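Take a look at the structure below. This report walks through its parts one by one.

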Amino acid sequence: MVDWVRLELHVGTFDDAAFEPRLDRARESGIAFTTMAELGDTPAHRRALYDLNRTCSADIPGRGAFYTYDEYLAQRIEVPTFSAEGVVLATLEGEWIGMSSTSLHPDEGYAFSEMTGVLAPHRGRGLSLALKLLAIQFVRSAGYERLATFHHPRNTSAIAMNRRLGFVDPPAERQPG
C-alpha cells in the first residue's frame, strides 16, 4: 500500500509574479502555450492528448499500466469534471511537448491537478513549472480557491516542483482517514 503525498495550493494567495520569468523564458525559447479549448476538443486532439499523457506518465514511479484509449476517454475526458480550458499544452513548432490537465470538482469545491508532464527531450527547462503556472491561473479564473494534487512518494521532482510553487500538506480534516 502506497502512502501518497497529498498537496494543495490556495490559489487566491498564490504569487504569479514570482514564477512569470519561467513562462517568459519558455516563450522566448520558442515554446507556445495553448489549451484544448483553443485548439478544439476534437477526436484527433483527444487522441494526441492521450498519446502525450501516456508517454509523459511512463516514468512516474508506481504508475502501473496506463489506460487504454477507451478507458482514458471514459475516465478522464467524458466526465463532468473535464474542462477543455483546463488542459494546457506546451508546443514547439506545432509539436505537443508538454501538458497540464486540471479537472474541476464543484460539488467538492476544489480543482484537481490530474497530470503535468513534459516529454523527456524537453525536460529540465522549467516547462513543467510554466505549465503548472498556467494551470493555476486557469483554476483562479474558473472561480476556485483550492487546487489539490497527489503523487507517489518516489516522484520527488513533481513533489519538489509543487512545493516550490507553494503547495502544502492539506489540513487534517482533508487527510484520508
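Predicted model: local features only at pLDDT ≥ 70, side-chain atom pairs only at ≥ 80, totals over all residues.

## Helix α3

The expected span of a helix is 1.5 Å times one less than its number of residues. Helix α3 covers residues 43–57, which is 15 residues, so it should span 21 Å. The C-alpha atoms at its ends are 21 Å apart, which agrees.

Which residues of α3 are buried? They are Arg46, Leu49, Tyr50, Leu52, Asn53, Cys56 and Ser57. Buried here means under 20% relative accessible area. An α-helix has 3.6 residues a turn, so residues three or four places apart point the same way.

## Where α3 meets α4

Two packed helices are described by the angle between their axes and the distance between the axes. The axes of α3 and α4 come within 11 Å. They cross at roughly 100 degrees. Angles of 65 to 115 degrees count as roughly perpendicular, and α3 and α4 are therefore roughly perpendicular to each other.

On the α3 side, the contact uses Pro43, Arg46, Arg47, Leu49, Tyr50 and Asn53. On the α4 side, it uses Tyr69, Tyr72, Leu73, Arg76 and Ile77. The residues of this contact divide into 7 nonpolar, 1 polar and 3 charged.

## The sheet

Now for the strands. The model has an open sheet of 6 strands, with mixed pairing. Their order is β1-β6-β5-β4-β3-β2. Strands β1 (5–10) and β2 (31–35) stand at the edges. Each has a single partner strand, so one side of each is left without a neighbour in the sheet. On average, neighbouring strands are turned by 25 degrees against each other, direction ignored.

Helix α3 packs on this sheet, where it touches β3, β4 and β5. The direction of α3 makes about 95 degrees with that of β4.

Is β4 largely enclosed or largely open? In β4, 10 of the 11 residues are buried, so the strand is largely enclosed by the rest of the structure.

On one side, β4 pairs with β3 in the antiparallel sense, over 6 bridges. In this pairing, Thr91 stands opposite Trp96 in β4. The two strands form a hairpin with 2 residues between them. Glu93 lies in the loop between β3 and β4. Its phi is near 50 degrees, a positive value in a residue other than glycine. Glu93 has 80% relative accessibility, so it counts as exposed; the cut-off for exposed is over 50%.

β4 also pairs with β5. These strands run antiparallel and are joined by 8 bridges. Thr102 stands opposite Ser113 in β5. Ser103 has Phe112 as its bridge partner in β5. His105 is partnered by Tyr110 in β5. The hairpin of β4 and β5 has 4 residues between the strands. There, Gly109 takes a positive phi near 75 degrees.

## Strand β5 and its link to β6

Strand β5 has 7 of its 9 residues buried, so it is largely enclosed by the rest of the structure. Besides its pairing with β4, β5 is joined to β6 (residues 146–151) by 2 bridges. β5 and β6 run parallel. Ala111 stands opposite Leu147 in β6.

## Helix α5

How many residues of α5 are buried? The count is 11 of 15, and α5 is mostly covered. The buried residues are Leu127, Leu129, Ala130, Leu131, Lys132, Leu133, Leu134, Ala135, Ile136, Phe138 and Val139. Just after α5, Gly143 takes a positive phi of about 90 degrees.

## A pair separated in sequence

Asp24 lies in helix α1 (residues 20–28). Its relative accessibility is 37%, so Asp24 counts as partly exposed. Asp24 and Ala130 are 106 residues apart in sequence. In space, C-alpha to C-alpha, Asp24 and Ala130 are 8.7 Å apart. Ala130 is one of the buried residues of α5.

Notes. Residues numbered from 1 in each chain as written. Heavy atoms only, no water. Buried < 20%, exposed > 50% of the residue type's maximum accessible area, 1.4 Å probe, protein only. Axes fitted to C-alpha atoms, helices over the stretch in contact; angles between N-to-C directions. Parallel < 35°, antiparallel > 145°, perpendicular 65-115°, else oblique. Contact = heavy atoms within 4.5 Å. Nonpolar A, V, L, I, M, F, W, Y, C, P; charged D, E, K, R; others polar. Pairing = 2+ DSSP bridges.
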